Amino acid sequence: MTIGGARVATKDTFGVVNPATGEVHAQAPECTHDQLDQAMSAAAEAYRSWRTDEAARRKALHAAGDLLMARSAELAPILTAEQGKPLQDATFEVIGAAIWLKHFADLEMPREVIQDDASALVEVVRRPMGVVAAITPWNYPLILASWKIAPALLAGNTMVLKPSPFTPLSTLAMGEVLSEVLPPGVLNVVSGGDALGAWMTGHPVPRKISFTGSVATGKKVAAAAAPDLKRLTLELGGNDPAILLDDVDPEAVAAKLFAGAFQNNGQVCSAIKRVYVPERLYDDVVEALAVQARAAKVGDGMTEGVQYGPINNKPQYERVSELVADALANGARAAAGGKPMDGPGFFFEPTILAGLSDGARIVDEEQFGPALPVVSYRDLDDALERANGTHFGLSGSVWGTDADRAAEVAGRLECGTAWVNTHLALSPAQPFGGFKWSGVGVENGTWGLLGFTEIQVVHRAR
Ligand code: NAD
């Protein structure tokens, strides 16, 4: 682990499974209560000086981004071995994290004069909060950590970061690399099980919790933050609908739709998780998506040419298997795939499900894996109602040849990002967050940066 700039060993460790083999391939440190206290103290101590020098912070974030870029070949295989994604995608993830750090290094901090007259000069400025407790999931450990590290550190906060127990190693390695350019204590990285996350959210030192993960855990985090009134950003699950309009060309959109649903093997919070198609086009869309699924190359992420790796972990593999089996048992048809693949590891066939509707578990719940239900509709208002009729509200997309009409329909989606003729288009400048149970607050852009600050009014009498 990295605590106060030093490499710290632990007495106990836990096994990390390579999802391509299903076998434990490495041990990760199990942080104790005392070591978490040390990490929090180191962050609190570092905060005293880190908060004072904005120019030094910008310089350090640039150096951090450059260093990650330079060390991507070292970090990417660690990510592939524990997460499962193809090496090329792992490399893009490291580079993406570097891009995020460098983007925020140059982002301006808003400062507004709201009154400047004979009686007063009143400015609204932003102040850091203190120590941030950051907790991340297993699908994109490095990029999602960078969404927190970059704005939190720029704003003058310091951090204790905990990755998922399924994917701790790449984040621990990143912490070690970044300790070469960040002052001791500014970024501490610890690892352990879910209990460590709960210790962090209940710890008296952090003033802010930045959490990415499931809705169920997000609610526990919110409850844990409440007694201490810790500030909170929650990036939670989604069940993103893609609505196809009646002027869409199935052949033209199939590859993009498939990519929006199956990126990272469907393990993306804002992936397409259900597709709504006008009845007239239904068979054509199902077949066009099935063609994509049958052509997808699935395998060990270290093998050249593989596009999709295994599902990250056994519980998730079992959940996807169960949701697909449930749909098939209730009358759905697998137009492609439909079952786990033979052999070791958590591999599942890229699956397109037809002949099912809202009410099927895989339509109503977040599957978070390589299986996509395609649902038909007769009336657009009804389709929108079904798309919105959920506790989720992360993102969604509308697809049609008439882009203006598609944009008008997209505006009726109840979600944080409404895409038109695309899905999963993200950037460090674009705020990202969810309506309803999909989250509280946003990450990225100036809006995400402000989430790591408190407003302070400086009112000077004249
Ligand atoms: P999870 O909620 O099980 O775990 C997320 C993190 O929380 C892990 O580090 C875990 O150890 C920790 N944790 C578990 N219990 C805790 C507790 N009581 N207190 C504090 N921390 C605790 O989620 P997961 O299975 O790792 O990730 C998948 C979920 O994350 C999906 O629902 C997905 O949609 C969501 N997700 C959301 C976004 C987003 O930006 N909105 C991005 C990626 C993933």
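Which residues are buried in α6? Keep that in mind while you orient yourself. This is a predicted model.

**Whole chain**

Show the protein as a cartoon. The secondary structure comes to 15 helices and 22 strands. The radius of gyration is 23 Å, close to the 23 Å that the globule rule gives for 462 residues, so the protein is as compact as a globular protein of that length. Along the principal axes, the C-alpha atoms fill a box of roughly 70 × 60 × 40 Å. Now colour by burial. Of the 462 residues, 57% are buried.

**Stop 1: helix α6**

Select residues 169-178, which form helix α6. This helix is mostly covered, with nine of its 10 residues buried. Here is the reply to the opening question. The buried residues in α6 are Leu 169, Ser 170, Thr 171, Leu 172, Ala 173, Met 174, Gly 175, Val 177 and Leu 178.

**Stop 2**

Move to α8, residues 215-225. Pick Ala 224, which lies in this helix. Is Ala 224 buried or partly exposed? Ala 224 is partly exposed, because its relative accessible area is 27%, between the 20% and 50% cut-offs. Ala 224 and Ile 209 are 10.0 Å apart in space and 15 residues apart in sequence.

Next, select Leu 229, in the loop between α8 and β11 (231-235). Check its backbone. Leu 229 has a positive phi of about 50°, although it is not a glycine. Most residues other than glycine have a negative phi.

**Stop 3: the loop between β19 and β20**

Where is Lys 436? Look in the loop between β19 (432-433) and β20 (439-440). Lys 436 is partly exposed, at a relative accessible area of 36%.

**Stop 4: a charged patch**

Keep the surface on and colour by charge. Select Asp 249, Glu 251, Asp 283 and Asp 284 together. These four residues gather in a patch of negative charge on the surface. Zoom in on one of them, Asp 283, which sits in helix α10 (residues 282-295). Asp 283 is exposed, because its relative accessible area of 57% is over the 50% cut-off.

Methods
Residues numbered from 1 in each chain as written. Predicted model: local features only at pLDDT ≥ 70, side-chain atom pairs only at ≥ 80, totals over all residues. Heavy atoms only, no water. Patch = residues over 30% accessible without salt bridge, like charges linked within 9 Å, V, L, I, M, F, W, Y side chains within 5 Å. Areas by Shrake-Rupley, 256 points an atom, 1.4 Å probe, with all protein chains shown as cover. Salt bridge = Lys/Arg side-chain N within 4 Å of Asp/Glu carboxyl O. Lys, Arg positive; Asp, Glu negative; His and termini not counted. Charge placed at Lys NZ, Arg CZ, Asp CG, Glu CD. Helix = DSSP H or I, 4+ residues; strand = E, 2+ residues; numbered from the N terminus. Buried < 20%, exposed > 50% of the residue type's maximum accessible area, 1.4 Å probe, protein only. Rg over C-alpha atoms; globule rule 2.2 N^0.38 Å.
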